[in-house]
Amino acid sequence: MIIAGLDIGGANTDVSIIEYDAENNIIARISDFKYIPMWQKNDTLINELHELTDKYDIDFVGVSMTAELVDSYKTKKEGVLDIANKVMNTFDVPVYFLSKNGIIDYDLLKKDPLNVAAFNWIGTCYLVGKLCSECIFIDMGSTTTDIIPVINGINHSQGKSDLERLNTGELVYTGILRSNVISIVNKVPINNSMYHVASELFATTSDVHMILNNINKSDYINDTVDGSGKEIIDCMRRLSRIVCADLNLLSKEDIINICKYIHEKQILMVKKSLEEVVNRTGINTVVLTGLGKDIVCYEAAKLLNLNIINMGDTFSNDECTIAPAIGLAYMLHDYLN
């Protein structure tokens, strides 16, 4: 039996292909993803899904989504129904969806579409629960960071939607690649003085982390904000603009110092929300996953003196970046059995 777990995000669509033998042992696990900016390319989703999955002889498909929030949809309900309809038109095998109450079919989704809006983190909870029965998992991806308590191996989030989780500290809208740097800082240091930043989309965190060598070009999958390249010099040029400057006005050292400062502030953003969840739950063990697990999440947990489990010790780094898709595939297998 081959199960595909699909996590359809606003920017990235991730897939985990897991093959089981007759005794339900895993004999193969494959991870893949594709950059699909759904605010621009939602109409191409069916073709994109075929490209991701047609090479596999899939028996069952599980789907989670966060792309319903993109601004090509007027409402989240419209987004959920459009994405679900496209998925149903892609596959000729049974398709299930991840809701806040677990696995459901398409008929149940249509009765209450918001039940499946942005619950991909429940898949991660399921995966994390197999590693540690009581912990807080931190999953930093390209755009957002989930901070979710797990007790007795199951999700114990206080917030039950993205709106609620923004209030409880369980969702932080900062990521390794796509965050506008001015969402993290309003001033940056230059020559021992603090300069206000320009309120424009000049550079993203992918530029910051490229300059600091925290990521490489293969990680930088999102589009650049100015449409130019992804070399270090291009990233530095974009960073210089946040203070209305250029590479003639700022030195390489100036820009590196600005990036270090932004990195530190991003760590503190995550730390603040993590501390809120720790204080509320009393849990002092964290499980780290996602592209930002070592770059930001580890440093935030270390500042709070927490016990740290790195999912990268059990799964590959590539698998850690698509943890919701893997967890969903596991969930669907157990549901079917």
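Author: Two strands are taken to pair if DSSP finds at least two bridges between them. The model discussed here is predicted.

Reader: How many bridges join strand β2 to strand β3?

Author: Strand β2 covers residues 12-20 and strand β3 covers residues 26-35. The two run antiparallel, and Asn12 stands opposite Tyr35 in β3. The number of bridges joining β2 to β3 is 9.

Reader: Which residue in the hairpin of β2 and β3 takes a positive phi?

Author: The hairpin has 5 residues between the strands. A phi near 65° is found in this hairpin, and the residue that takes it is Asn24.

Reader: How many nonpolar residues does the contact of α9 with α10 have?

Author: Residues of α9 including Ile267, Leu268 and Val270 meet residues of α10, among them Ile295 and Val296. By class, the contact has 2 polar and 2 charged residues, and the nonpolar residues number 9.

Reader: How is helix α8 oriented to α9?

Author: Helix α8 (residues 232-240) packs with its axis 10 Å from that of α9, at an angle of about 75°. Met236, Leu239 and Ser240 of α8 take part in the contact. Because angles of 65 to 115 degrees count as such, the orientation of α8 to α9 is roughly perpendicular.

How values were computed: Residues are numbered from 1 along each chain as its sequence is written. This is a predicted model: local features need pLDDT of at least 70, side-chain atom pairs count only at pLDDT 80 or more; totals for chains, interfaces and linings use all residues. Side-chain values use heavy atoms; hydrogens and water are left out. Helices (H or I, at least four residues) and strands (E, at least two) are DSSP runs, numbered from the N terminus. Contact means heavy atoms within 4.5 Å. Ala, Val, Leu, Ile, Met, Phe, Trp, Tyr, Cys and Pro count as nonpolar, Asp, Glu, Lys and Arg as charged, and the others, Gly among them, as polar. Axes are lines fitted to C-alpha atoms, for helices over the stretch in contact, and angles run from 0 to 180 degrees between N-to-C directions. Angles under 35 degrees count as roughly parallel, over 145 as roughly antiparallel, 65 to 115 as roughly perpendicular and the rest as oblique.
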